[in-house]
Amino acid sequence: MSAKQKLYWHIEINGIVQGVGFRPFVYRIARQMNLPGTVRNNSAGVEIQVCGSNDDINVFCERIRTEAPRVSRIETLTATITAPCNLPESFTIDASHGTAPPLTSISPDLAICHECLQEMFDPRNRRYLYPFITCTHCGPRYTIMANIPYDRPNTSMAAFAMCDDCRQEYTDPVDRRYHAQPVSCFHCGPTLRFLNQQSQCLATQTDAVRLAAREILQGNVIAVKGLGGFHLLCDATNHRAVESLRERKHRYGKPLAVMFRDREHLLSYSPCDETALQLLESHRAPIVLLERLPHSRHRPLSELVAPGVPTLGVFLAYTPLHRLLLHLVNRPVVATSANISDEPIITNVHDLYARLSGGFAFALDHDRPILNGCDDSVMTFAGTRPLMLRSGRGYAPVSFPLEHSFPQHVLATGPQQKVTIALGIEDQLVVSPHIGDLESPESLQFFSETRKTLCRLYQSEPERLQHDLHPRYMTTQWALQQGVHCHGVQHHHAHALAVMMEHGLHEPALAFVWDGTGYGTDNTLWGAETLLLHGESCERLYTIHPLRLLGGEAAVREPRRIALACLLQMYGPDALPAYRHCPSLRSYSDGELQILIKAWQKGVNAPLSTSVGRLFDAVASLCGICQKADYEGQTGLLLEALFDPSVPYPPLVSLPAAGHRIDYRELFNYILLGSDVRQSVSVFFRALVHTIEQISQQHPQLPVICTGGVFQNRVLVKLLDEYFQCSGQRLYMPVVLPPNDASIAAGQAYAALLSS
């Protein structure tokens with residue numbers, strides 16, 4: 001066969017290739033190369049019929065791979081020779097079709113692009129100051145999707161009939177808005193409304209933005225409808241406004257995210273290297289935790305934004321509406337999800353007034369429905385390593401292509417906190433956006449809605465459910481009530497399997513899974529696990545001596561209870577008077593101490609737990625840093641702020657000669673006798689790393705996995721990276737998935753594939 005012989009080809013492309021300008025991109029390349037054929041969306045992605053020589057098609061496919069739109073992601077591209085067929089004389093774009101179950105990856109929502117931003121602030125442009133400007137490179141995707149393929153009739157934009165000007169752009173293959181499903185303008189698009197506390201409309205469109213900006217500058221809290229739900233906004237430099245927002249949201253200590261207009265505005269408040277800036281300005285535009293400057297040449301941020309911690313959660317205005325608002329306010333604003341703490345983000349104005357009445361002074365609403373709620377993504381950096389803390393807008397849903405296919409559709413329900421769900425279908429594993437903690441009827445409803453959305457978009461009726469072993473988790477109880485084949489996966493094993501799936505590891509591995517708590521196979525609470533992984537099976541090599549959680553869940557909220565349990569375990573009740581000077585014990589009255597000592601002795605409401613997360617709590621309490629926590633992970637944030645890399649480490653932890661329980665008694669003795677808090681905290685971090693070093697050295701041939709909520713700590717991860725870079729042993733951590741419990745569902749689903 002001659003390399004120049006004209007042949008007919010069928011090309012299939014899977015991945016994030018819908019809603020990202022992929023078809024017009026293919027169209028332009030084919031026209032440039034004078035190749036006749038067609039391109040269209042189908043349920044699996046994009047398919048191309050084209051005629052050309054073997055050499056032409058090789059070049060054509062290579063250009064598709066290397067020049068693809070930056071917001072797309074090609075997972076597979078296959079080209080096969082087919083029988084001759086009728087093709088147009090030149091290349092065309094055909095209408096979408098699809099009857100088979102969808103396999104294409106769903107595009108997450110995208111931040112406003114540079115081109116739309118320029119047009120929005122151009123007085124000569126017909127979309128000047130239009131708050132819903134968008135094109136194929138930016139705007140809503142997942143949050144407006146009712147079904148796939150991603151075409152306008154399958155989105156919440158179906159109710160908005162395009163005007164002639166918008167339709168001309170929408171149907172022109174060389175236009176940037178060709179088949180941009182949310183395309184609209186002032187004449188045919190959604191209407192923005194400024195509402196008072198009685199839900200009365202005071203202004204619309206541009207006037208609504210101006211009024212909202214005025215109220216923010218006057219110190220009021222405003223609810224603003226974003227891509228995935230409502231935010232509560234206030235002036236981040238106004239102490240009383242931030243205090244009011246905290247009271248309205250019932251969020252009294254946890255740091256709040258701050259939104260900036262652009263990079264120049266941000267750099268006056270926080271040092272930010274080019275890597276972080278590129279992430280903030282990317283189409284994903286997550287919240288990123290950065291170091292904050294002690295001073296700014298502008299109005300300083302209120303200390304109530306992030307009390308007691310040196311980091312600041314920042315992000316840039318990522319929708320046209322937010323950008324217009326920040327342009328007028330010209331100050332950083334607190335932008336936090338509109339909900340009561342631990343409840344899901346609110347997506348419609350009716351629920352906003354019903355569930356958050358009195359939580360805001362005014363609302364900036366619009367009539368484009370949010371079909372699928374989605375929180376902002378949150379990331380940080382440990383040295384140069386990016387860490388995902390919450391996967392939402394811009395990143396999720398996320399799909400992972402696998403080497404093998406699931407024999408049946410699988411739904412993994414996740415844990416109880418930081419819940420996501422995962423779907424295993426064909427050769428893909430799909431993980432939902434962040435759902436949250438299932439602690440309220442509203443969060444359970446959101447769990448149900450997200451599950452239905454994922455199954456609907458992928459036309460999946462799960463034949464197998466994967467769940468956590470904890471019998472009291474709502475996700476476990478729901479799975480067991482469905483009348484479908486169910487399988488439980490141990491919490492920490494699922495953590496490790498998620499990392500193996502993400503990195504494509506198929507060999508035995510050594511996994512350190514450190515978190516707060518997870519249900520173990522012995523019906524106790526685990527959280528300091530060293531596992532030897534063999535595919536679907538694992539062996540527990542090491543853990544720590546268990547501590548009693550005095551008061552159960554109350555112990556998680558009061559680090560001093562963990563410190564007391566630690567002292568009781570090490571020295572016994574009779575020795576406590578010698579440590580009455582300790583900050584942990586000073587916070588108790590004698591009567592309170594006696595009650596807790598009896599609870600410890602009898603094991604009443606004091607379950608045993610092996611948890612590295614609780615060790616952080618104990619150290620923070622013993623050092624007098626934190627006795628009662630306002631939010632999860634607070635002690636870790638406070639400790640990492642006190643780490644001093646110059647403090648030498650006296651080896652204080654050795655592996656047990658027999659058994660599998662690591663004893664940290666010598667470390668805690670050192671902390672109790674120490675007078676320098678920074679030194680104690682620094683030695684604690686070094687001791688944790690030293691533990692991992694010693695165990696890893698016992699298995700030098702194995703790759704090492706580190707995952708679990710403890711590995712969100714920037715100091716710990718940075719120290720580990722430094723060690724493993726020197727040792728040469730391979731270290732794997734979550735990249736796209738968070739190390740916390742949000743990765744559990746992915747590991748549960750992957751366990752089903754390994755056992756098939």
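A residue is called buried when its relative accessible area is under 20%, exposed when that area is over 50%, and partly exposed in between. In this predicted model, Arg580 counts as partly exposed because its relative accessibility is 26%.

Salt bridges in the model come to a count of 32.

| Salt bridge | N to O distance |
|---|---|
| Glu169 and Arg126 | 3.1 Å |
| Asp590 and Arg580 | 2.8 Å |
| Glu640 and Arg714 | 3.0 Å |

The side chains of Glu169 and Arg126 form a salt bridge. This pair links distant parts of the chain, 43 residues apart: Glu169 belongs to helix α4 (residues 164-171), whereas Arg126 sits in the loop between α3 (114-120) and α4. Glu169 is buried, with 14% relative accessibility, while Arg126 is partly exposed at 32%.

Arg580 has Asp590 as a salt-bridge partner. Asp590 lies in helix α17 (residues 590-602) and Arg580 in the loop between α15 (559-571) and α16 (583-586), ten residues apart. Asp590 is exposed because its relative accessible area is 54%, and this value is over 50%.

Glu640 is buried at 10% relative accessibility, and Arg714 is buried with a relative accessible area of 16%.

Salt bridges also occur as a network, in which Glu119, Arg176 and Arg177 are linked.

Technical notes:
Residues are numbered from 1 along each chain as its sequence is written. This is a predicted model: local features need pLDDT of at least 70, side-chain atom pairs count only at pLDDT 80 or more; totals for chains, interfaces and linings use all residues. Side-chain values use heavy atoms; hydrogens and water are left out. A salt bridge is a side-chain nitrogen of Lys or Arg within 4 Å of a carboxyl oxygen of Asp or Glu. Helices (H or I, at least four residues) and strands (E, at least two) are DSSP runs, numbered from the N terminus. Buried means under 20% relative accessible area, exposed over 50%, partly exposed in between (1.4 Å probe, protein chains only).
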